[in-house]
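Subject: Structure handover

Hello,

Below is the structure I said I would pass on. My notes on it follow.

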Amino acid sequence: MSADSHPTLPPVRLLPDAELAREALAAPLFARAVRLARWAGPDTRVDTGGELVAGQLPEAVALLGLDPADEDSAAHASQAWRVAVDTGLVDVTEPEEDGSAGGEGAEEEGEFGTAEPGEDLALVTGGTPGDVLDLWLAALDTVLADAAVPALDDLVDALDAGGEIDFDQLDWNPRREADFLDGVLANLYLLAVTEGGTADGPVPLPVLAASMVVPDDMGDPTDAVLEQVSDAMMRLDDQFRQLEPIGLVEFRPVDEDLMAEAEDEEFLASAGGGAAPDEDDVARYGLVRLTPLGLYGIRARMLEAGVEAPAVGELADKGADVLLDVVSHYSEAAAQAEIEEWLAGRPVPEAVTELLAAARGADADAPLRRLRCQQALAPAGAEAEPAVRAVLDDAELGGLARVWLAERGVADVPAPDQEMVFWLTVDTIAAQLATGGGSGGGAEGGEGAEAELPLLIESLTAHHAGFFEQAWRVEHPATAHVLEAMGRLHPDKKAAKEARKAAFKARSRGV
């Protein structure tokens, strides 16, 4: 696997399909669609677009237990019907143009088509969890398409004298609107799966809007940008109100009283990248987070679009070589979660032997593989000892094996020679550099790794007198790279200078 093929998104931990399917069935909009599908029959009338005719809506509203006095109830029933039709829970036969579909009495009642439960309705109770989730994903597509349509007030304002929508005045581009919403949901997903993000808490709506509008390199947002953030925030408020009933998000809307107040530019400025606003203010401006079902849904859409979006556990049936190769580019916590899934159910001796074999190599990714292998071996008990002892004489794994045995107080562990000590030191620092600690690249390391690496370097070199006199001779592919990094990062200026000289020597001998 080449470096270009490694996932660019952290892995997401999803609930089991059975739990997700239960959440899908409990989502209010999907549950309404199922109820209407079971209700559909010979007396159900639809118009030329497959929508329920106006005369049927009161019955649908009553069936769903909605308040008939609420002016939004008919719209909720109509949306649930549309979801039922679009997902195949309902099959409709639209009226024919000559009116024959209405049969006798059509002249009195007007032309109408018919509806009946679709074949897919049986999957709700008789299908697999995957079948239910496929139906829910189809329902999600319908809701996302609806959410990208301008608000009714905007459509009314754009009507011309002839009653047609003036799309130039509306300034609505369907693809642009859909892309904007997809981008917002992708940002929410990334915040949820990125370590140190907002997975454990909701995202303030102004912050999410600013992430779509404010350029990354902008300092204080201009008035024009703040106005765009405000407009985007209100648009997202309307869209998330539509997305919550399908179970995609948990959403706290913008405070109605706040919407009537003047724009608070100072708050929007802070939300766009300045000081953190007061928590009460944040709540008033709206909060949103993806549900576990929402994480599943957005990941499914990403995969369909060709985005590599890994999930914890999908490497469980792969070999140790694939496991170590992939998790080498994960954060430590994400790697640990994936490793635990891989180890579960595998006999310890065989798993350890396979992991150690996969950790060998002289390529650029090998130090990270050995670091993740060491991480995988950490919880192993006495059952792993024979497999670990078997690599004590291995030039690449002998140091790792000695560390593992020594940490468990195992007797008769042969002391490493100086060559192995220096090789292991270079390998350890190379692995840490590859995680992003001080190198600016590699796996997700974060500020913690960057801060800890100089301390690790100082600690490792302090235990070996004349370290740099010997280190440049180490037969490790990363020797020169490691010494150059030590020259940049070592907190002691004299040692840093020695490291740079040693790096030059290593380069000169082609190491």
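Among contacts (heavy atoms within 4.5 Å) in the protein chain between residues at least 6 apart in sequence, 68% join residues at least 24 apart. This is a predicted model, in which local features need pLDDT of at least 70 and side-chain atom pairs count only at pLDDT 80 or more, while totals for chains, interfaces and linings use all residues. Residues are numbered from 1 along each chain as its sequence is written, and side-chain values use heavy atoms, with hydrogens and water left out.

The protein chain has 27 helices and six strands (DSSP runs numbered from the N terminus: H or I of at least four residues for helices, E of at least two for strands). Of its 511 residues, 44% are buried (under 20% relative accessible area with a 1.4 Å probe, protein chains only; exposed is over 50%, and partly exposed lies in between).

Two residues may be worth a look.

Arg372 sits in helix H20, residues 366-377. Arg372 is buried but has no salt bridge (a side-chain nitrogen of Lys or Arg within 4 Å of a carboxyl oxygen of Asp or Glu). The nearest side chain of opposite charge is that of Glu332, 5.3 Å away; Lys and Arg count as positive, Asp and Glu as negative, and His and the chain ends are not counted. A polar atom of the Arg372 side chain lies 2.8 Å from the backbone oxygen of Tyr330.

Asp412 is in the loop between helix H22 (398-407) and helix H23 (418-434). Its phi is near 60 degrees, a positive value in a residue other than glycine. Asp412 counts as exposed because its relative accessibility is 70%.

Regards

Conventions:
Polar contact = N/O pair within 3.5 Å; in protein donor to acceptor, adjacent residues only side chain to side chain.
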